[in-house]
Amino acid sequence: MSSFKVFIVEDDEFYGEMLKHHLQKNPDYEVELFLNGNDCIKNLHKQPSAISLDYSLPDITGYEVIKKIKGYNPDIPVIIVSGQEDISTAVELIKEGAYDYFVKNTETKDRLWIALTKIRENISLKEEIIELKETIGKQYEFRKAIKGNSQAIKDIFNLIEKATQSNISISITGETGTGKELVARAIHYNSSRAKKPFVAINVSAIPSGLIESELFGYEKGAFTGANSRKIGKFEVANQGTLFLDEISDMDIIMQTKLLRILQEKEYSRVGGNENIKTDVRLIVATNKNLTEEVKKGKIREDLYYRLLGLPIELPPLRHRGDDIIILAKHFLIEYAKENKTKVASLSESAIEKLKKYPYPGNIRELKAIIELASVLSNDDVIDESNINFNSAHGTSDFLIEEDTLQGYIRKIIKYYLQKHNDNVLLVAKKLDIGKSTIYRMIKNKEI
Amino acid sequence: MSSKNYTLLNIKAFIGDDDMVMDKMIDIFLNNTPMMISKIEEGLNKKDYDQINFYAHKLKSSIDNFSIIQLSDNIRLIEKFAKEKHTLDRLPDLTQKLKTVLGSVMEEIKNDFNKS
């Protein structure tokens, strides 16, 4: 934590020195005493962490000093220490931005000590949050966070760069597992909104009846079970970015409400009357074709144009060439880090096998394949036998490798025989070929 | 029982048993108090009651810190009368008492702390 500088502004030198001495008991505090308001103002460039201000000063009033401090830096907490209890003055000063108001008495030094401790804790928390955000920002520095060197991904980098430089809505499309949320985060953490929240919500994961209160929050008593006010995602993401994944699953009534917010930039919590202004950048994503969804009537056309903004279509992994191997190696490093093992390498045959697979589950599937291969491999080298494709998308292994037509026929027959317990008659019937053809292939050891 | 016009208990409660700091506090008191009395007297002569109020207010905290009980009400009355601008005819006597008692206290402190 950076040093904690406390200014004491107190024209009663005696009292000021006592306070100074008392606060200096904390070795982390750097305390400076000023006997008038103007000296304090002249020294604001020293960036005090907090100021204890006597309201009654010989040169200018405490009210004027606090105004000048707040004009210089509104974040500096100012604690008013006054010789007289004057509620109306206290209220005025708190309105002007004073952190607290103490009357000089025997408890002043202890109250000041507690207030400064709290201020310091708050500063420490804020610094921690900023540090964390910077760390996250670095993690999402998009040219590092998004792996790949293919032209397809370079084109995406260019679009992301453009997206970070404006506030336009972004619509990200792409097959499942292509990294839509990663791209959304990369845009946020590289944009001017990086220090504000990134809030992600998967529309399809929330029942349609709950999505409104999830997005806009609700007031106490809005419905049965609403025992206290809840802040919605729009409010949490204010000045930041709201990422709505699977937007095409949003029901049509909710789409109307979303459209109104995008147009008017304000909304009310469920059960509330207060209009809440919103400044949120919207990034939406879907693995469906948005235009098709509009044609089918599943997305309102007016909302579609609002949301489209800058469209980013993520390429499927099978169109990214050597990126497959770059990503595979990245996942090997990640696996080794997580499991505290040596980073395995890929044999030539494993690389060839990985390159030929179509990855219907895209990067998510590749990651699973590499993790499984890392578990299965007995040494530091992952070879072909460790690479297993278990796609949930129904693509069979025999389509992976290029082959001749005869080669594919052999593979298909073999696959069916395995599936039907070597029942030649059944397979012949299913494939509409002669049983003798199958027997001949078995005899010739072709299958 | 102490026959002194002051005690250091309040100051010690604030700063603890630190002789060096106590010495510094004593110096500040001895340096600033005559100036504040003069300012109150000057205010009285000029009939500048805001000036009297201002310095009486400042002096009040020193009087409380040194627990000068004889002046506890005195300084508050000076401050109140000057601030509210009434009973002004009592201000000269109150100020005279302030000056006399503080003069004695300063002498006692000088003796106790070997200050010239």
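The legends below walk through several close-up views of a predicted model.

In this model, local features need pLDDT of at least 70, side-chain atom pairs count only at pLDDT 80 or more, and totals for chains, interfaces and linings use all residues. Residues are numbered from 1 along each chain as its sequence is written, while chains are lettered from A and ligands numbered from 1 in the order in which they are written.

**View 1. A parallel sheet of chain A with β1 and β3 paired.**
Let us start with an open sheet of five strands in chain A, in the order β2-β1-β3-β4-β5, with parallel pairing. Strands here are DSSP runs of E with at least two residues, helices are runs of H or I with at least four, and both are numbered from the N terminus; two strands pair if DSSP finds at least two bridges between them. β2 (29-34) and β5 (100-103) of chain A each have a single partner strand, so one side of each is left without a neighbour in the sheet. On average, neighbouring strands are turned by 20 degrees against each other, direction ignored. Look for β1 (residues 4-9) and β3 (residues 50-54) of chain A, joined in the parallel sense over four bridges. Ile8(A) has Ser52(A) as its bridge partner in β3(A). Across β1, β3 and β4 (78-82) of chain A lies helix α3 (residues 62-72) of chain A, running at about 165 degrees to β3(A). Such angles run from 0 to 180 degrees between N-to-C directions, with axes fitted to C-alpha atoms, for helices over the stretch in contact.

β7(A) pairs with β10 (residues 241-245) of chain A in the parallel sense over five bridges, and Asp245(A) in β10(A) is the bridge partner of Asn202(A).

**View 2. Helices α2 and α3 of chain B side by side.**
The axes of α2 (residues 19-46) and α3 (residues 49-65) of chain B come within 8 Å and cross at roughly 155 degrees. The two helices α2(B) and α3(B) are therefore roughly antiparallel to each other, a term for angles over 145 degrees. Among the contact residues are Phe29(B) and Met36(B) of α2(B), and Tyr55(B) and Leu59(B) of α3(B); residues are in contact if their C-beta atoms, placed from the backbone, lie within 7 Å. The contact of α2(B) with α3(B) divides into nine nonpolar, four polar and three charged residues. Nonpolar means Ala, Val, Leu, Ile, Met, Phe, Trp, Tyr, Cys and Pro, charged means Asp, Glu, Lys and Arg, and the others, Gly among them, are polar.

**View 3. Where chain B meets chain A.**
In this view, 14 residues of chain B are in contact with 13 residues of chain A. On the side of chain B, α1 (9-15), α2 and α3 each give two or more residues, and α2(B) gives the most, with six. The predictor gives the complex an ipTM of 0.79 and a pTM of 0.53.

How values were computed:
Parallel < 35°, antiparallel > 145°, perpendicular 65-115°, else oblique. Contact = placed C-beta atoms within 7 Å.
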